[in-house]
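Open the model in a viewer and keep the selection tool at hand.

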Amino acid sequence: MSTTGQTPRMAELITIDDVADPRLGDYVALTDAELRKRYEHQHGVLIAEGPNPVRELVASPYPVRSMLVADDRLDRVADLLPGVDGPVYVVTQPLLHEIVRFKLHQGVIACGERLPPRDSAAVLAGARLVAVLEGLNDHENLGTLFRSARGLGVDGVLLGAGCADPLYRRSVRVSMGHVLHVPHAWVGHLDVAVPELAARGFTTVALTPDPSADDLRDVEVAATDRVALLLGAEGPGLSASALGAADVRARIPMHAGVDSLNVATAAAIAFHHLGRRA
Ligand SMILES: C[S@@+](CC[C@H](N)C(=O)[O-])C[C@H]1O[C@@H](n2cnc3c(N)ncnc32)[C@H](O)[C@@H]1O
């Protein structure tokens, strides 16, 4: 946790007036996706932008390495400062724009430290409903899905082969920072992961628009059931092997010639349905 518990302390405020100040290194080139992916993995960092994601970062298990805030916004984030483990860099609005090179609404951004990756056993321990993703390589879909996962009571997310990094800036932002609270682990190919889920007592439900699948509304889960919901990528959907390995294939019936939903939309509907227990 970032907060220190009984003895609240104030983060150190440091005014910076030079865009080339090396202390701003974590915030450089944020719009260069390839460079950022390398940088964030090499340095073990993540970025949360905007007041709500920054607030969630401060409340999350990830340490806050630093915060960067426009001087005219400092009063609006004053309550967060005791939860910031590192320095708070204060800059003018124009300098902030020069540093991050995009319009940063509400003038606050923070850098967190990644934690060692969890293994799937840690995510599954005690979990009742988990999402298992295959090939979800779009950060915005991932962010939306994680936000729904947290809001609809999903206990954890397993990321299969081909998934993007859920802690990348776009994903953190779209999730409104909620991705920082949902336990996740990488599991590789689902044809290995699905039998492991079954061995741990999970019923695996593959979500597919295939008209031959069961109507999701007819899929009933008992209060004690452990459920793993498999979701596929935008283009191809779930692989044949993942579909074949699942206990149940479930569809959300479609209308008016629309063949499928966006994966994050489909996930939210299924989370709501399967998360509801008597
Ligand atoms: C855009 S869809 C992929 C469409 C792909 N042509 C297919 O047949 O799966 C992405 C993912 O969202 C979920 N999905 C989308 N629409 C769905 C629906 N109507 N019923 C069940 N799952 C759906 C599935 O998990 C799917 O793999």
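**Stop one: helix H1**

Strand S2 (45-49) and helix H6 (169-174) are among what covers the buried residues of H1, contact being heavy atoms within 4.5 Å. Helices (H or I, at least four residues) and strands (E, at least two) are DSSP runs, numbered from the N terminus. This is a predicted model, in which local features need pLDDT of at least 70, side-chain atom pairs count only at pLDDT 80 or more, and totals for chains, interfaces and linings use all residues. Residues are numbered from 1 along each chain as its sequence is written, and side-chain values use heavy atoms, leaving out hydrogens and water.

Select residues 33-43, which form H1, and pick out its buried residues Arg36, Tyr39 and Glu40. They sit on the same side of H1 because they cover an arc of only 95° around the axis, taken from the directions from the helix axis to the C-beta atoms. Buried means under 20% relative accessible area and exposed over 50%, with a 1.4 Å probe and protein chains only.

Next, turn to the face of H1 away from the buried side, where Arg38, His41 and Gln42 are exposed.

**Stop two: the ligand**

Select the 18 residues around the ligand; Leu207, Gly232, Ile252, Met254 and Leu261 come nearest. The criterion is a heavy atom within 4 Å.

Show the distance of 2.6 Å between a backbone N or O atom of Leu207 and a ligand oxygen. For Leu261, a polar backbone atom is 2.9 Å from a ligand nitrogen.

Terms used. Polar contact = N/O pair within 3.5 Å; in protein donor to acceptor, adjacent residues only side chain to side chain.
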